[in-house]
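Hi there,

Here is the structure I promised to hand over. Have a look at it first, and my notes follow below.

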Amino acid sequence: MARKTATTDPGPDVPAGAVPGLDRLPAGPTLFVGRRAELAALRAAATRPVSGRCPVLVLAGRPGSGRTALAARFARTVAADYPDGVLFARLSAPDGGRVPPARAARLLLEQLDPESAVPLPGVVEDGRDEPGCVALREALAGLRVLLVLDDVRDAGQVWPLLADEPGCLVLATTAGPLTGIEDIDPVILGGLDRTASGELLADLVGGTRVSCDPVGAADLAEACAARPAALRLMAGWLRGNAKTAVTDAARELTRVVGEETGTTPGAKGAADDAVKAGAEQAKPSANARKDARKDASRNGSANGSGIGSGIGSGNASGNAPKKKEEGGVAPGAGAAAPGVGSAGDRAAWVKPGPEPAEPVPVPDNDPLLGAFTLLYRGLPATQARMLRTLTLAPAQTADPRTASALVGCPVPDAAATLTALAERELLGAEAPAADGTPRYRVPGRLYPRLVRLREQEDRPAETELARARLLERLVRLTESARALLDPEGGPAPDPLPTALRLHSPEHAREWLLGERELLLGAVADAIGQGDLDGSAGRLVTALLRALPLTGAPAPADLYRLHELVLTVAERNGRPRRASAALLNLGDLQVAAGRWEQAAAHYRAALEYARKADDEPLCARALEGAAGCHRALGDAVRAADWYGRALGLRQSLGDHAAEARLLARVAEAHTAQRRFDEADREYRAALAVLRRLGDEHAREAVGAALADLRERVDAGW
């Protein structure tokens, strides 16, 4: 059994619950060693005054260097200085996809105030004035909040989120330098020093085993480039191979790294080659890698593809230069580009750089992947299959409910397998769900390799079946939540197995709100691939019925769902469904007071309704567009669109709608000072309402007509 005595940085953590949002941070490893110099550098940078905006700290390091764990550790040690809360968002997907700043802003807004109305998405050229970004910056005014932005791809994701509030602090982790934001000196992570590497191995493997072979431990640390993730994987491999000496583990890792590169160098040579390769971006061929290095030498680090020699082999052997060991800071590495201007001018302290063409990958000859390969080869078949299949989970995050659906096994078996994989350092522990259910995430550094293994070892039919099982599981869970929240809203679905069951309306509400992002992500993934539209459509329908029952339906979420409905309808050639989706999108824009955008949706809905030859939908779209023109003060166009809607309603025999539209046309005529026409339309509306026997509506229209006549008689 491994010891649990590794030393950590000095200073107590903030107690759980003392600062809102601390539970959102990644749990991080149980054992945390070294990094005192880097923590000190972060603390010093956090206290440096910056004019015009909140300070920004950048923690840069290669995948597997422990930058996320260090960021979470630092956040917990300084959280007491930010009593208004800690916010956390990942700005890259495990596959390297770039999260737009607008989406990150909406996630952060919801964390800051779950009851706040998150703005609907908008389209702007530079992203800073997107409604969500504006709302976030306004919400942070006067607050002391710590924002932790993990795995940032480029400065263009960060600068729209920066509040004009010096009391806040942004901590960004990245594999690149984030050029384009002024007054940043990034703290750069290399490998652990020799002492910390030895402590980590001793505590994870067992002190006696390591202390009896200090040379082997040093060799293993060197072969791992002294990076925490690789060391942890190799420690897991050693625990599973109790009779293997630490020295043999170093040789075995070197051999596997040589296999990955197609070479068989000597032990030390292979380790050195692996470390050097870890500082470069992998390319499909040797010539491509050479070209990339030439481009990097010409363009510096502006494209965000690397962070320079400070993260390569400098600390690989655990004997880094003392200057780096004691500070880890590369002064000036994050300076703004020439011509940015003074820090006091908002337009000066940010300058968006070009979006990187691709994320920084983990090269095949990286010791991290060599350690993973060793560990993966020794996994039981059930664990290996689970690990591969979890790459299909939304946001690569799963709990026993979703994992059991993906692999088709009972929930207790899935829970045990997830726990075993987490103990082997192959999964990262996430914050548990609202009901305490443990959740795990596939590390981004391992995701591409696991996808490759899945494509090699699993048949396409098995992969599609796993995705279909997941969607159907989510549909049943969502429908059961809806049934608990609204027992009278329709027949309840068949009961779920006990291990999956939601037990009460409050449990159902917490599950829906807690898993909302993952549910939306599952729908988006399925519709994006386009091969499971039926299951995805059922999940959209279930969510549209269930989310409003939580009492806090986010318009932005409903907007995303209706956009997905529109995508499926257009792809499958269903104009009626496309028209209905556009009408719903228009209604959401109206509720947000965005009349021009709403009018565009209504006009598009009208075109689809005409293709479907659906007159009620046409009338609905015409009336919606007319209302937008009325709100914009365009009485002429409002009267025209209301009149066209009126003609359709009359032909359909919809007398209630006819009376309503006659009154709207009268209002539009009044705005144009066409009083005789307005008087005629009001009287026509009264006649229709008299036939319908709607006394309440007759009183309202009669009062409007009397007011019109009184004003005309007074010389209006």
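Let me begin with the largest cavity: strand 6, helix 17 (400-407), helix 20 (460-485) and helix 22 (516-529) each supply at least two residues of its lining. Helices (H or I, at least four residues) and strands (E, at least two) are DSSP runs, numbered from the N terminus. Please bear in mind that this is a predicted model, where local features need pLDDT of at least 70 and side-chain atom pairs count only at pLDDT 80 or more, while totals for chains, interfaces and linings use all residues. Residues are numbered from 1 along each chain as its sequence is written, and side-chain values use heavy atoms, leaving out hydrogens and water.

The largest cavity holds about 110 Å³ of space, and the whole structure has 7 cavities of 30 Å³ or more. A cavity here is a set of points, on a 1 Å grid over the protein atoms alone, where a 1.4 Å probe fits but cannot get out; lining residues have an atom within 4 Å of a point. Grid points are joined across faces, edges and corners, and a volume is the space filled by probe spheres set on the points. Of the 13 lining residues of the largest cavity, D399, T402, L474, E515 and L518 lie nearest its centre. The lining divides into 7 nonpolar, 2 polar and 4 charged residues (Ala, Val, Leu, Ile, Met, Phe, Trp, Tyr, Cys and Pro count as nonpolar, Asp, Glu, Lys and Arg as charged, and the others, Gly among them, as polar).

Strand 6 is joined to strand 8 (residues 439-441) by 2 bridges, and T397 stands opposite R441 in strand 8.

There is also an open sheet of 5 strands, paired in parallel in the order 2-3-4-1-5. Strand 2 (86-90) and strand 5 (187-189) are the edge strands. Strand 1 (residues 56-61) runs parallel to strand 5, with 3 bridges between them, and A60 stands opposite I188.

Finally, H629 is found in helix 27 (residues 615-631). H629 is buried, with a relative accessible area of 4% (buried means under 20%, exposed over 50%, partly exposed in between, with a 1.4 Å probe and protein chains only).

Best wishes

Key
Two strands pair if DSSP finds at least two bridges between them. On a 1 Å grid over the protein atoms alone, a cavity is a set of points where a 1.4 Å probe fits but cannot get out, and a pocket is an open set with protein on both sides within 12 Å along at least five of seven lines; lining residues have an atom within 4 Å of a point.
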